[in-house]
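Subject: Structure for you to look at

Hello,

Here is the structure I said I would pass on. Please open it beside this email and follow along.

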Amino acid sequence: MRYLTEYQEGERVVAFCLVKAKEAGIASNQSEYLNLELGDRSGTIMAKLWDVSPEMKEAIAVKSVVKIDAIVQNYRGKKQLVIQRIRPATAADEVQMESLVPVSPVPVNELWEKLSAKVQSLQSKTLRSIVEEALADEVISTRLRHYPAGVRMHHNYYHGLLEHIVSLLTAAERLLPLYPQVDRDVLYATCIMHDIGKLYELSDPIAPDYTTPGQLIGHLVMGAEIVSGICRKLDIPLGDAEVLHLKHCILSHHGEVENGWGSAVSGKTPTAVLFHYLDQIDSKMNALGQTLADAGEEEWAYAGVLRRKVWRGY
């Protein structure tokens, strides 16, 4: 099976893809056309559909799956599809969503098993109860198996958030022996719960955007609210020291308040400080890995996460 970004100029593309964005325009002959951003698990490509009818314009919706018959052309140095035919996909096509969006290289079941093992290792009854209750929630558990960790910056692919969580847990386990002043169970619980608010901050796992609550409140505060809601449900006092510590780590994990990165409070415990840097390392290294992979054989590539070019180094 070939993916969109693998086709070269002049080749014909017959494939299913996801409509990521749509913009209508008027040609010089006064006919209407569509500029489309189409994607599959390999990435995205711009496409042009000329002489579009009102019915077709309505049928091609953002986040819908379509089948295209197109030719690859070069437009201003970049590949572009010129669509000859297009139709919405149907249930009979049996299109697998994992073929249409970038997906974590680690199977979701493997990630979930590793997460579950870490939950079972929590020695604190309070923290274990909170985490287990969160993961038992049908909405949270379903979304966590699918949602990315972000729209653009890092782990921005299918079940990327779950991969990010497991990666953090692995890093935390390896660093804990070096820092005995860090609370193991609070650190593990923070790894699992720190971005739980993203499951409500982001709209969906396919072509995610920010929800209204996500923009007005943000996932750090939303995550702390989820923890508080679970505590009320389980009759765990909100003033419990471990609960306060967990919420503090969630609310401070974007670093110093003065940096303006979204933290509600600056880290005030060794655990909160360590987690902030763990999160920074994992998110930035994942983004840099994607940057270099997308650059192919190029020696230098611009990394948006660092706002500068990075060198492959070999």
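This is a predicted model: local features need pLDDT of at least 70, side-chain atom pairs count only at pLDDT 80 or more; totals for chains, interfaces and linings use all residues.

Helix α6 itself runs over residues 184-193 and is mostly covered, with 9 of its 10 residues buried. If you want to find them, the buried ones are Asp-185, Val-186, Leu-187, Tyr-188, Ala-189, Thr-190, Cys-191, Ile-192 and Met-193. The N-terminal end of α6 is capped by Asp-183, which has a side-chain oxygen 3.1 Å from the backbone nitrogen of Asp-185.

Is His-254 buried or exposed? His-254 is buried, because its relative accessible area is 18% and the cut-off for buried is under 20%. The side chain of His-254 reaches the backbone oxygen of Trp-261, at 2.8 Å. Apart from neighbours within four places in sequence, His-254 is in contact with His-219, Leu-220, Trp-261, Gly-262, Ser-263 and His-276.

Next, a lysine in a strand. Lys-48 belongs to strand β3, which covers residues 43-49. What is the nearest side chain of opposite charge to Lys-48? The answer is Glu-23, at 7.9 Å. Lys-48 is buried but has no salt bridge, because a salt bridge requires a side-chain nitrogen of Lys or Arg within 4 Å of a carboxyl oxygen of Asp or Glu. What the side chain of Lys-48 does have is a polar contact with the side chain of Asn-35, at 2.7 Å. Leaving out neighbours within four places in sequence, the residues in contact with Lys-48 are Tyr-33, Leu-34, Asn-35, Gln-80, Leu-81, Val-82 and Ile-83.

Most residues other than glycine have a negative phi. Lys-63 is not a glycine, yet its phi is positive, near 75 degrees. Lys-63 sits in the loop between α1 (54-59) and β4 (65-75), and counts as partly exposed because its relative accessible area is 37%. Arg-76 also is not a glycine and has a positive phi, of about 55 degrees. Arg-76 is placed in the loop between β4 and β5 (78-88), and counts as exposed because its relative accessibility is 75%.

Finally, some figures for the whole chain:

- The secondary structure comes to 11 helices and 7 strands.
- Of the 314 residues in the chain, 47% are buried.
- Along the principal axes, the C-alpha atoms fill a box of roughly 70 × 45 × 35 Å.
- Among contacts with a separation of 6 or more, 56% are between residues 24 or more positions apart.
- The chain exposes about 16400 Å², of which carbon and sulfur atoms supply 52%.
- There are 33 positive and 40 negative side chains, and the centres of the two sets are 2 Å apart.

Regards

Technical notes: Residues are numbered from 1 along each chain as its sequence is written. Side-chain values use heavy atoms; hydrogens and water are left out. Helices (H or I, at least four residues) and strands (E, at least two) are DSSP runs, numbered from the N terminus. Buried means under 20% relative accessible area, exposed over 50%, partly exposed in between (1.4 Å probe, protein chains only). Lys and Arg count as positive and Asp and Glu as negative; His and the chain ends are not counted. A polar contact is a pair of N or O atoms within 3.5 Å; within protein, one must be able to donate a hydrogen and the other to accept it, and residues adjacent in sequence count only if both atoms are side-chain atoms. Contact means heavy atoms within 4.5 Å. Accessible areas come from the Shrake-Rupley method with a 1.4 Å probe; for residues, only the protein chains shown count as cover. The place of a charge is taken as NZ of Lys, CZ of Arg, CG of Asp or CD of Glu.
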